[in-house]
Amino acid sequence: MPQDTHNIDALFKPAAARPGDQEKISKKSLSAFQDSWRRLRQNKAAIISLVILIVMLLLAIAGPWIGHHNYYSTDYGAVYQKPNAEHWFGTDKFGRDQWARIWQGTRISLLIAVLAAALDLVIGVAYGAVSALLGGRTDNVMQRIIEILTGIPSLIIIILLMMVMKPGIVTIMIAMSITGWVNMARLVRAHIMKLKSQEFVLAARTLGTPTSRIIWKHLIPNTIGIIVINTMFTIPSAIFTEAFLSFIGLGLQSPMSSLGVLINDGFSSLNTQPYLLLYPSIVIVLIMVTFNILGDGLRDALDPRMRK
Amino acid sequence: MKRYIGIRIIYMIITLFIISTVTFFLMKALPGTPFDEEKLAQLPDEQKQMIYASYGLDKPVFTQYVNYIKNVAQGDLGTSFFYTGQKVTDIISGRLFPSALIGLQAVLLGLAVGLILGIVAAYRHNTGWDYATMIIAVLGVSIPNFVLAALLQYYVGLKWGLLPVAFWESYPSSILPSVALCVGVIALIARFVRTEMLEVLDQDYVTTAKAKGLGTIRIMFQHVIRNSLISVITILGPIVVNLLTGSLVIENIFGIPGIGSLFVDSIKMNDYSTIMGITLFYSAFYVLVMLVVDLLYGLVDPRIRLASGKG
């Protein structure tokens, strides 16, 4: 239909070239953090875990004050009570309120774990970064030290340290951190070494960027993901270690409360009062599960290699 | 390769030396003594001196240390304070069997279940099987093994009466502790195998095999599973740690006369020499496993062998 061609052509008008618009980015650019958060939000399990964790955290903060009793007062008129309106989670062999003890214990366990993880983070990142950045002989010596330390089964050393030092929150934290930072140091060093040999660092060097700027602008922002992920996994393992130490009688002692102390107390009256073991067990398992799932989710969200 | 083994063995010795030194001085710094303090106070000084002398405690700390290291180098871990007159090495070897049996059963069971779960999860990626496996894996690493052991003991042993609740009487006594111990192993292995297999399934040679028209079973067994299992060796280290720590609490819960419960008991009794002995025993075991892991890995995977040969 050649005669129609003319009409159709009339419908088309030449568009004016707008070079400015072509290059315009219509969507606001996302920071690395926003980008990760967007990806984490799509992970249902991780978000549910995050919500549960926040609830547990709030209960750990406020729980001991919500109930009718405090966590240390004994009441010999009300020993071994089943959960009821007065004592929501029952009472233990000294008549202490389990509800208050559980949330006080959660508070202490979380506190120990977070402090230990923070200490690991500071020492590990500093050691790993110094080792990777200085390189050469310093790096060599520092790595030999790490190699020897990784050969030591850390829990044994923690147990020995706990025997020598007076049991307490600070002691547990220090004992766990003495060997705990090694993992972080290795990860950070390996990652910085990898980054150092990448093109964008070379490009920055070629452009004459000072070393301090390369460290702050390129190396550290790129390492944060790994540090965050590793910390997310350090916390549950620290909670486990605390509970483990209390369970074999080396951690905190009653009337202090921690999840390990409660599980240990609950275990001794397991035959008759299983709820004394059950409730703290549920709390510790919930914390560990949610931290692990959230850690997995964060790894998927922060690690660019997992992007699909 | 020989040079590499040599260097590794030197490291092993240095590590063990450091551990024995640290242990020795930590034990010296311990508050309290392994002796019954009340009874000791009633004894005349002469007899006290005799007791100290019989354990070599009358000498200066440094001399004690040198003697200790000398003895350890000859495989003598000293005499127990609590089990009077018994050699620590004898006590440990007498307690070895239950621990070894439970540990071995846990590893085998964990390997079998973990491998199957991991393989099925990767093969049926993103299906119900996969999700179920991941849930088991997360629960397995998240439930502290002593909590699991206590619950198993209460429900399976006490309430349902299916298996012995505790103590070391006959073979069934070893089942519950092994199950409690293997859950962590299952979780570690299932998760690891799944990740490895997903990676291998993405490889070009799997596509090639499919394009050649090989059957699914052939591809899985000849290419995928073989290649993913190589690296399972590398998680043997964490698995051993898992078993060692697990044995400390689980043997205690189930009243198993193994090394783990001996260790916890000697901590409560302040039995220095036994504590030091078991610490060294555990460390030596751990260090040895790590060495075997590295060597085995180099043996099965030539790519690693080349890399480690250089360093």
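**A first look around**

Analyst: Happy to! One residue to begin with is A:Leu57, which is partly exposed because its relative accessible area is 44% (buried means under 20%, exposed over 50%, and partly exposed in between, with a 1.4 Å probe and protein chains only). Before we go on, this is a predicted model, in which local features need pLDDT of at least 70, side-chain atom pairs count only at pLDDT 80 or more, and totals for chains, interfaces and linings use all residues. Residues are numbered from 1 along each chain as its sequence is written, chains are lettered from A and ligands numbered from 1 in the order in which they are written, and side-chain values use heavy atoms, leaving out hydrogens and water.

User: Thanks! Where is A:Leu57 found?

Analyst: A:Leu57 is in helix α4 of chain A, residues 44-66. Helices here are DSSP runs (H or I, at least four residues), numbered from the N terminus.

User: And which residues make the nonpolar surface patch?

Analyst: A:Ile54, A:Leu57, A:Leu58, A:Ile61 and A:Trp65 make the patch, of about 560 Å². Patch members have over 30% relative accessible area and no salt bridge; nonpolar side chains (Val, Leu, Ile, Met, Phe, Trp, Tyr) are joined within 5 Å, and like charges within 9 Å. The areas come from the Shrake-Rupley method with a 1.4 Å probe, and for residues only the protein chains shown count as cover.

User: New topic: how many salt bridges does the structure hold over all chains?

Analyst: Nine. A salt bridge is a side-chain nitrogen of Lys or Arg within 4 Å of a carboxyl oxygen of Asp or Glu.

User: What does A:Arg38 form a salt bridge with?

Analyst: Its partner is A:Asp35, with the closest N and O atoms 3.7 Å apart. Both residues lie in helix α3 of chain A (residues 32-41), three residues apart, about one turn of the helix. A:Asp35 is buried, at 17% relative accessible area, whereas A:Arg38 is partly exposed, at 35%.

User: Which residue of chain A meets A:Arg144 in a salt bridge?

Analyst: That would be A:Glu147, at 3.1 Å from N to O. This pair sits in helix α6 of chain A (residues 136-150), three residues apart, about one turn of the helix. A:Arg144 has a relative accessible area of 33% and is partly exposed; A:Glu147 counts as partly exposed too, at 31%.

User: Over to chain B. Is B:Gln105 buried or exposed?

Analyst: B:Gln105 is buried, because its relative accessible area is 18%. Helix α5 of chain B holds B:Gln105. Apart from neighbours within four places in sequence, B:Gln105 is in contact (heavy atoms within 4.5 Å) with B:Tyr171, B:Ser174 and B:Ser178.

User: How many residues of chain A and chain B are in contact?

Analyst: 36 residues of chain A are in contact with 42 residues of chain B. The two chains bury about 3400 Å² between them, 82% of it on carbon and sulfur atoms. Buried area is the accessible area (1.4 Å probe) that two parts lose on being put together, summed over both.

User: How many salt bridges are found across that interface?

Analyst: One. The side chains of B:Arg191 and A:Asp296 meet in a salt bridge, at 2.6 Å from N to O. On the side of chain A that touches chain B, α6, α7 (154-164), α10 (211-247), α11 (259-268) and α12 (274-302) each supply at least two residues. The largest share of that side, twelve residues, comes from α12 of chain A.
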